[in-house]
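This report covers selected local features of one model. The sequence and coordinates come first, and the text follows them.

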Amino acid sequence: MTLADAAATAINQCMNLQPDETCLIVTDDEREAIGEALYGAATAVTDEALILRYPPGEQHGEEPALPVAAALRATDVFLAPTTKSLSHTRARSEASDAGARGATLPGITEEVMIEGLDADYEAIAAACEALLDQVGRATEIRVTSPLGTDITVVPGDRPWQADTGINHHPGDFSNLPAGEVFVSPETATGTYVVDGTMMPHGRLDEPIEFTVEDGYITEIGDDAIREQVETAADEVGRAASNLAELGIGTNVGVTDLVGSVLLDEKAAGTVHLAIGDDAGIGGDTEAPLHLDGIITKPTVYADGEPVDLPTA
């Protein structure tokens with residue numbers, strides 16, 4: 001698969017762009033090649049394609065400029081390969097609420113684009129459905145791991161969601177590459193140990209431990225991540241420490257972690273937990289960051305019953 005092939009998969013299979021629809025590509029100076037590939041694939045389908053490029057933001061979840069937000073709301077289809085994630089921004093969620101179907105590709109590289117888009121999306125959708133059947137009605141989810149993770153999250157009234165990568169209806173939204181089932185819990189308590197991938201480090205050499213009490217991170221075993229959270233807390237206070245997400249990877253085509261959060265959090269059978277903003281995924285906390293950390297070899301229990309996790 002080439003970059004052009006991957007872009008065509010995104011435009012046609014994932015987004016199902018039609019000739020009478022508008023399509024917006026939002027990118028930045030560091031992801032220009034990927035943005036241009038998607039723009040090229042879009043122009044092969046519709047005459048109403050547009051590409052917007054701007055300097056990379058400073059933080060994941062930072063709001064884009066007002067003209068970008070307005071363009072997102074006005075289009076039928078959007079794809080956003082950007083250095084810093086637009087997934088958890090109000091601009092993205094308002095575009096989805098307005099009926100635009102779209103996908104964000106935060107931090108994506110050409111290598112990840114080619115590897116991650118070369119996937120069987122029907123198999124990913126089936127894995128998501130099987131997982132939702134097990135966790136969707138549970139009152140609490142417990143996650144453990146050999147390195148010391150033992151955390152219990154309570155979804156409460158917040159719904160589980162599936163990111164299958166198939167966005168064919170108004171308002172549909174996903175990451176690409178896709179493949180996870182996730183929830184923004186109402187609360188959580190315990191410890192989790194990230195041993196896979198986490199920004200700003202990429203693939204970790206040493207695990208990082210986090211302590212969670214009543215839904216908030218109270219201890220962070222890494223200086224760089226702690227600094228990011230403290231900087232965000234200067235702006236939004238305690239919201240920066242919110243335990244924002246529990247996700248379970250369902251991309252059965254991802255066999256190895258490569259150091260990209262975007263791809264690695266989708267790896268089948270992994271778990272990721274995130275700090276910060278959850279307003280874009282069913283929660284009520286707004287914060288200028290969303291930091292995912294990936295746990296390998298987890299065991300997951302739904303109301304005390306072991307969950308059969310997907311495997312690659």
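## Backbone and packing features

Asp-214 lies in the loop between E13 and E14; helices (H or I, at least four residues) and strands (E, at least two) are DSSP runs, numbered from the N terminus. The phi of Asp-214 is positive, about 50°, although this residue is not a glycine. With a relative accessibility of 59%, Asp-214 counts as exposed, where buried means under 20% relative accessible area, exposed over 50%, and partly exposed in between (1.4 Å probe, protein chains only).

The model is predicted: local features need pLDDT of at least 70, side-chain atom pairs count only at pLDDT 80 or more, and totals for chains, interfaces and linings use all residues. Residues are numbered from 1 along each chain as its sequence is written, and side-chain values use heavy atoms, with hydrogens and water left out.

Asp-303 also has a positive phi, near 50°, in a residue other than glycine. Asp-303 is found in the loop between strand E18 (299–302) and E19 and is partly exposed, at a relative accessible area of 40%.

| Peptide bond | Omega | Loop holding the proline |
|---|---|---|
| Leu-176 to Pro-177 | near -5° | between E8 and strand E9 (180–183) |
| Met-199 to Pro-200 | about 10° | between strand E11 (197–198) and strand E12 (202–203) |

## The sheet and its aromatic pair

An open sheet of 7 strands runs in the order E14-E13-E10-E6-E5-E18-E19, with antiparallel pairing; two strands pair if DSSP finds at least two bridges between them. Strand E14 (216–220) and strand E19 (305–306) are the edge strands, each pairing on one side only. Within this order, strand E10 (residues 187–194) and strand E13 (residues 208–213) are joined in the antiparallel sense over 5 bridges. Thr-191 stands opposite Thr-211 in E13.

How many aromatic pairs does a search of the whole structure find? The search finds 1, where rings of Phe, Tyr and Trp (its six-membered ring) pair if their centres lie within 6.5 Å, and planes under 30 degrees apart count as stacked, over 60 as edge-to-face and the rest as tilted. The ring centres of Tyr-192 and Phe-210 are 4.8 Å apart and the planes are at 10°, so the pair is stacked. Tyr-192 is in strand E10 and Phe-210 in strand E13, 18 residues apart, and the pair links distant parts of the chain. Tyr-192 is buried at a relative accessible area of 0%, and Phe-210 is buried at 0% relative accessibility.

Helix H4 (residues 90–97) has 6 of its 8 residues buried, so the helix is largely enclosed by the rest of the structure. The buried residues are Arg-90, Ala-91, Arg-92, Ser-93, Ala-95 and Ser-96. They pack against helix H3 (66–74), strand E3 (77–80), strand E4 (101–104) and strand E8 (173–175), with contact meaning heavy atoms within 4.5 Å. Just after H4, Gly-99 takes a positive phi of about 105°.

The charged end of Arg-92 sits over the ring of Phe-173, 3.7 Å from its centre; the criterion is NZ of Lys or CZ of Arg within 6 Å of the ring centre and within 35 degrees of the ring normal. The charged end of Arg-238 sits over the ring of Tyr-216, 3.7 Å from its centre. Arg-238 is in the loop between helix H7 (223–236) and strand E15 (243–249) and counts as exposed at 54% relative accessibility. Arg-238 and Tyr-216 are 22 residues apart in sequence and 7.9 Å apart in space, C-alpha to C-alpha.
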